[in-house]
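User: Could you walk me through this one? I'd like a quick tour, chain by chain.

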Amino acid sequence: MSSGSYIKRPNRPLQVYAAIFLIVLYVPVLFLPLFSFNDSIYVNFPLSGFTTKWYFELWDRGPVWNALENSLKVGGVVSLLSTFLGIFAAKAITRYRIPGRGPLVSFIMLPLVVPLIIFGVALLVLLSQLGIPLSLYTVTVGHLIICLPFSIATLIPRFEGFDQSIEEVSADLGENAWWTFWRVTFPMVFPGVLASLMLTFTVSFDEFIMAFFLSGTEATLPMYIWSQLRFPQEFPSVLALASLILAASFMFVFLGQWINRGAYASAAKGNEL
Amino acid sequence: MTNDAFISIRNVDKYFGKFQAIDDVSIDIGHGEFFSLLGSSGCGKTTLLRMLAGFENTTSGEIYIDGQPMSNVPPHMRPVNMVFQSYAIFPHLNVRDNIAYGLRKQKLSKAKKYALVDEMLELIKLPEYGDRKATQLSGGQRQRIALARALILRPKVLLLDEPLGALDKQLREQMQLELRALQRTVGITFVFVTHDQEEALTLSDRIAVMSGGQVLQLDTPTGLYEAPKNREVASFIGTMNFFDGRVSKVNGSEISIITEGLGNVTKLMKNRDYVLGEKVQVAIRPEKLRLSDEKPQGTKNLVGGTLENSAYLGERSHFYVTVEGQPQPVAVSAQNQDRVSAIDNHCKTVWLQWNDDAIVILDAS
């Protein structure tokens with residue numbers, strides 16, 4: 001910041017604004033881990049002492065492990081499916097002349113902005129009309145709808161980020177579309193695929209509303225947390241659980257973004273490899 | 001289709017929607033020929049090349065390579081390989097694996113495959129570069145890797161889409177010589193797309209000059225430069241002075257023309273008959289006019305004028321001379337061997353002289 005150029009000169013009000021922004025965004029979240037280490041079942045100041053007993057208590061609870069297993073199963077399947085579908089959608093959107101491409105992409109991205117409760121209710125009505133019993137499978141379907149736009153949005157910059165003639169060269173050197181995809185396209189978009197897997201897993205793992213509407217007897221982790229909120233004596237353990245989920249989610253999303261960091265830069269550079 | 005044509009483009013049209021990119025093009029290219037498609041951007045040259053490679057379909061007409069119609073042959077089945085303008089080196093592979101990319105189907109042992117790659121690296125004079133990453137290469141090196149990657153498959157035809165366009169002038173001239181030497185070594189047919197007329201003249205056996213999706217003229221470099229068929233070709237290749245004229249005498253195949261600017265000129269024209277009074281255009285290259293500041297002996301092929309402007313370019317100079325009857329100054333180019341370089345005072349009377357065979361006669365446009 002020492003350089004005095006017009007763009008890079010220090011801007012004090014902007015720095016203060018950025019600091020306030022981050023505080024407002026993250027300080028409330030930080031109360032979760034803070035109180036999860038507090039030696040009291042009541043969440044209020046002053047703190048009464050440091051303890052890790054809530055975490056140990058969590059460890060011994062069977063239903064938590066069940067819920068975790070359910071969430072991992074759903075998250076795993078959803079991330080694989082949505083990324084698999086996302087790869088082909090992103091390839092089609094970026095590589096082929098599709099009439100009405102713009103509206104089509106907006107339509108695909110719609111679940112990002114439509115309230116989930118509407119999707120949840122709609123799916124519930126549909127499933128009950130079809131006579132399909134609610135289970136982890138129906139939760140998976142609901143999560144797939146939410147995660148597909150995330151997957152596509154992550155992958156499109158990757159596909160746009162490399163020179164199309166690289167795929168043409170492969171065809172020119174004798175490889176058909178199948179081999180071209182596996183020898184050129186897939187390795188080129190692979191960081192995007194990893195990022196998409198991580199992001200969609202996280203979204204599914206943290207999702208509550210769809211799971212609330214569409215799950216049967218088996219709860220996912222967020223639903224378990226919600227069910228425990230009625231019991232005050234359970235609350236510190238819920239805080240501990242929430243803190244763990246928070247840490248894991250942060251790690252996953254940052255890792256995904258880090259792996260995919262080249263996408264936007266290479267898209268901007270165009271043909272420069 | 002002639003028998004010795006290796007590539008035969010027959011009456012090919014190409015439309016993109018309503019836009020006609022290629023308009024009834026027919027070209028025959030011989031075996032081992034260095035053939036160039038020359039034209040400014042948007043003239044259809046790259047579209048034609050991509051049709052040879054199979055990346056674009058023909059709207060009508062047919063392309064034959066080695067006697068086989070290509071309409072229903074996809075790019076990966078064609079006996080051609082292409083070097084792209086952007087080189088398109090695979091960034092996730094090193095140099096060796098880039099060059100070996102097309103060998104997968106040949107099911108060679110790893111040792112055999114890499115021996116072939118080393119041979120190619122030798123040919124392109126980058127023997128130590130096999131383990132380099134694609135991102136660690138300069139433009140000229142990428143260009144050579146792209147060449148090697150195509151040549152290792154021993155294609156019958158190599159297609160090159162402005163492969164030297166991204167290089168700086170010095171490297172480009174060096175690569176031109178190397179490309180030409182390479183083509184003679186490997187002996188395969190090259191089809192080369194460029195907008196640089198000098199490059200096309202330097203490299204090619206024959207050149208097709210294209211404009212608006214049509215071939216304006218197909219000829220050897222000498223033919224294009226010395227005997228352009230029309231004004232568009234004449235002004236695209238090098239510089240040309242044009243004069244309006246009218247046929248004043250026809251004596252067998254020798255015709256005389258009265259021009260606005262050059263006076264009376266004569267030329268043997270055997271390609272067709274001219275009639276008395278017919279309007280024509282007379283053209284002459286700047287370097288074929290001799291400039292002097294003293295009136296030479298004789299009066300044939302001689303015209304006086306006023307020196308308007310001159311530019312000293314080191315090895316040669318350019319002069320701009322106004323002659324009577326011609327609003328545009330006549331361009332003259334002269335080697336700076338002797339006293340010609342001393343003619344640098346503007347607005348002075350000078351004399352222009354030429355030989356009969358320096359004149360080019362074009363149909364009036």
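User: Before we start, what am I looking at, and how is it numbered?

Analyst: It's a predicted model, where local features need pLDDT of at least 70 and side-chain atom pairs count only at pLDDT 80 or more, while totals for chains, interfaces and linings use all residues; side-chain values use heavy atoms, with hydrogens and water left out. Residues are numbered from 1 along each chain as its sequence is written, with chains lettered from A and ligands numbered from 1 in the order in which they are written.

User: How many helices and strands does chain A have?

Analyst: Helices (H or I, at least four residues) and strands (E, at least two) are DSSP runs numbered from the N terminus. From that end, the elements of chain A read α-α-α-α-α-α-α-α-α-α-α-α. The C-alpha trace of chain A spans about 70 × 65 × 30 Å along its principal axes. The count for chain A is zero strands and 12 helices.

User: And how many does chain B have?

Analyst: The C-alpha trace of chain B spans about 80 × 45 × 35 Å along its principal axes. Its secondary structure comes to 20 strands and eight helices.

User: What share of the accessible surface of chain B belongs to carbon and sulfur atoms?

Analyst: Areas here come from the Shrake-Rupley method with a 1.4 Å probe, and for residues only the protein chains shown count as cover. For chain A, the surface is about 15,300 Å², with 73% from carbon and sulfur. Chain B has about 17,300 Å², and there the carbon and sulfur share is 47%.

User: What percentage of chain B's residues are buried?

Analyst: Buried means under 20% relative accessible area, exposed over 50%, and partly exposed in between (1.4 Å probe, protein chains only). In chain A, 41% of the 273 residues are buried. For the 365 residues of chain B, the figure is 49%.

User: Is A:Cys147 buried or exposed?

Analyst: The structure has zero disulfides over all chains (a disulfide being a pair of cysteine sulfur atoms within 2.5 Å). B:Cys43 has 3% relative accessibility, so that one counts as buried. A:Cys147 sits at 0%, so it's buried.

User: Which residues of S6(B) are buried on each side?

Analyst: S6(B) pairs in the parallel sense with strand S7 (residues 157-161) of chain B over four bridges, and B:Val83 stands opposite B:Leu160 in S7(B). In a regular strand the side chains alternate between the two faces of the sheet. Both faces of S6 (residues 80-83) are covered, with B:Val80 and B:Met82 on one side, and on the other B:Asn81 and B:Val83.

User: Last one: which residues does B:Asn230 touch?

Analyst: B:Asn230 is in the loop between helix H7 (221-226) and helix H8 (231-236) of chain B, and it's partly exposed at 25% relative accessible area. Its C-alpha is 8.9 Å from that of B:Ala364, 134 residues apart along the chain. Counting contacts as heavy atoms within 4.5 Å, and leaving out residues up to four places away in sequence, B:Asn230 touches B:Leu216 and B:Leu362.

How values were computed:
Two strands pair if DSSP finds at least two bridges between them.
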